[in-house]
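Hi there,

Here is the structure I promised to pass on.

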Amino acid sequence: MKRMVLWMTTVLAVLVLMVPRAGAQTGSDYAHGGAVAGSTATVWFAPSQGTTTWVDIHYRLNGGDQQNLRMQWNAGSGRYETTIAPVGSGQQIGYSFTYNKGVAAYDSATHTYTVGSGGGGLPPGNGGGEGGAWDGRTTFNIVNQTGGRWADAQVYWAIIGRDWNTGQFVHVDANGNLVPMSVADNGALVKNGQGYTNYFHTLSQKRSVTIPPIDSARVLMSVGSPMYIKVLLDGNGNIGYAGANIENPTDPNIDVYFDFGEMAILPPGHDNPGIFVNTTRVDHFGFPLRLRVQGLGGFDQSVGEPLTESRAQLFTAFQQQVPSQFTHLAQNPYAPYRIVAPSHATFIAGQPNGDYLQGYIDAVWARFRNEDLVFTLDNLGTFRGRVQGDRFVFTGGNQNGTYYINGKPTTSEVFLGAGLLNDAREASNVDIQLQLQAQLCAALNRHVAETPALWYDQPSHYPAGQAANWYAKFWHDHSIGALAYGFAYDDVGDFSPSIHTDAPTTVTFTIGW
């Protein structure tokens, strides 16, 4: 992109022309985006390193005349900003930057922000190989949209997972390398006399990173403090790690505000390459989190909370909108750090709500002792189920097999998707049996188990006044596209915030508050 200097005043033009010729931007130079308040839009540029001391923006509103301005530094947010007014919903701002890194100046690619879209642009396509085949690399960005509640130096992130080549657990360093975990890493952080790793970076240190494929990974984010992760060895000397246990009141992360995304990036040449990534509320809600994935061919999808409600508003709304049995999930001892999932609180067997769903489970089992439960699943065929004793026996399908739920599940097993609902015993085909258990688990959570025609009909889920997973329903009601992971099998029927593209270039997690 050719530098624009004619618009400058005479003195500024002379100063700019003294700078060496601008080059193209390099990977991870900056993050960028847009936001709107009323009729005023703000476009921002956040450098990833301290050698940038000035930024010029070149923008057009709805394809109009180009405006060229020196951006102003906002110390509170740690970024350069320019306001544009008046603007209206749906209008497009096309913009690019000229900026320095030390003496040299650089020109960026052109980006677009649509007013009222709820998100801005992102760092340029550093990963993925824009304009050609995907090269297996993906750029991750963490964006601080906490409205000043947490400075960038107080926002932490880490990526941990398994290396596809070695199978070892690894963490991602500031340069995007996959570094094997080691028990020697313990001790970098100390809490309550115990040593823990410190695989975290702050946003003031690093806002984005480009990484190779990684398996079984989590993108961990926290505010106010890093999370405390301990590397362990099993009995065979294999490396593992202990993350947060929110059921343990002495866990070092119990008083840390944290959240995370789950993902795997499969390498080019794999049978199903690309990224599989999601936000999750299966365990808890830490803070509002929006996930956006961009990829080759114009792929662009967002899930998670839309960030139109504050964290405090979501806590209040939860207690107002769920039945009384669930309100304590957003109160002490879980608040202020999280809204905890029912399967980690009083809905565990032996706790006050441990039998909350039992009446409904009993009714379903009783009904299908006397009649067949008949349903058809895509690619698997039609099945018939009948309860024998307390065992639900299913026959049929394309493989004409026999499959089981080996007893009547508890409330906790339904909410967790565990125990009898994740049980491969005696299956003629394990994968099919686990799929059938997932289907019934989801239908029980949603209180539609006895009516297969409603299993995938979202408006019919969670009928008013009935026993169901109202924690999960709340997150569907407050998420983009009504997609949420409120329990382990919430992906049944494609109602989870799961994103897949075979050529990802940019993944952005935006933290709200």
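Below is a short tour of what turned up, going from the annotated domain to the sheet, the aromatic rings and a few backbone details.

Please keep in mind that this is a predicted model.

**The annotated domain**

The UniProt record, an unreviewed entry, places the feature "domain: GH64" at residues 135-513. Over that stretch the chain is 15% helix and 32% strand.

One part to look at is an open sheet of four strands, in the order E28-E29-E30-E31, with antiparallel pairing. E28 and strand E31 (401-405) stand at the edges with a single partner strand each, so one side of each has no neighbour in the sheet. From one strand to the next, the twist averages 25°.

If you want to see the pairing in detail, start with E28 and strand E29 (residues 381-388), which run antiparallel and are joined by five bridges. Val374 stands opposite Arg384 in E29. Helix H6 packs on this sheet and touches E28, E29, strand E30 (391-396) and E31. The direction of H6 makes about 45° with that of E31.

**Aromatic rings**

Searching the whole structure gives 32 aromatic pairs. One of them is formed by Phe318 and Tyr471, an edge-to-face pair with 6.1 Å from centre to centre and 70° between the planes. What does this pair tie together? Phe318 lies in helix H2 (residues 311-321) and Tyr471 lies in helix H7 (residues 470-477), so the pair links parts that are 153 residues apart in sequence. Phe318 is buried, with a relative accessible area of 0%, and Tyr471 also counts as buried, at 0% relative accessibility.

Another pair brings us back to the sheet. Phe375 and Trp455 form a tilted pair, 4.9 Å from centre to centre with 45° between the planes. Phe375 lies in strand E28 (residues 373-377), while Trp455 is in the loop between helix H6 (430-445) and H7, so here the pair ties together parts that are 80 residues apart in sequence. Phe375 and Trp455 are both buried.

Which residues do ring pairs link into a cluster? They are Trp365, Phe368, Phe375, Phe383, Phe392, Phe394, Tyr403 and Trp455.

**Charges over rings**

Two arginines are also worth a look in the viewer. The charged end of Arg149 sits over the ring of Trp150, 3.9 Å from the centre of that ring. Arg162 lies over the face of Phe169, at 3.9 Å from the ring centre.

**Backbone details**

Where do cis peptide bonds turn up? The bond from Asn332 to Pro333 is cis, with omega near 10°, and the bond from Ala335 to Pro336 is cis with omega near 10°. Pro333 lies in the loop between helix H3 (324-327) and strand E27 (339-340), and Pro336 lies in the loop between H3 and E27 as well.

There are also positive phi values in residues other than glycine. For Asn192, phi is near 50°. Asn192 is in the loop between strand E15 (189-191) and strand E16 (194-196). Is Asn192 buried or exposed? With a relative accessibility of 67%, Asn192 counts as exposed, because the cut-off for exposed is over 50%. The C-alpha atoms of Asn192 and Tyr489 are separated by 36 Å, and these residues are 297 apart along the chain.

For Ala482, phi is near 60°. Ala482 lies in the loop between H7 and strand E32 (498-501). Its relative accessible area is 24%, so Ala482 is partly exposed.

Technical notes: Residues are numbered from 1 along each chain as its sequence is written. This is a predicted model: local features need pLDDT of at least 70, side-chain atom pairs count only at pLDDT 80 or more; totals for chains, interfaces and linings use all residues. Side-chain values use heavy atoms; hydrogens and water are left out. Rings of Phe, Tyr and Trp (its six-membered ring) pair if their centres lie within 6.5 Å; planes under 30 degrees apart count as stacked, over 60 as edge-to-face and the rest as tilted. Helices (H or I, at least four residues) and strands (E, at least two) are DSSP runs, numbered from the N terminus. Buried means under 20% relative accessible area, exposed over 50%, partly exposed in between (1.4 Å probe, protein chains only). A charge sits over a ring if NZ of Lys or CZ of Arg is within 6 Å of the ring centre and within 35 degrees of the ring normal. UniProt positions are given in the numbering used here, feature names are shortened, and annotations may be inferred rather than shown by experiment. Two strands pair if DSSP finds at least two bridges between them. Axes are lines fitted to C-alpha atoms, for helices over the stretch in contact, and angles run from 0 to 180 degrees between N-to-C directions. Contact means heavy atoms within 4.5 Å.
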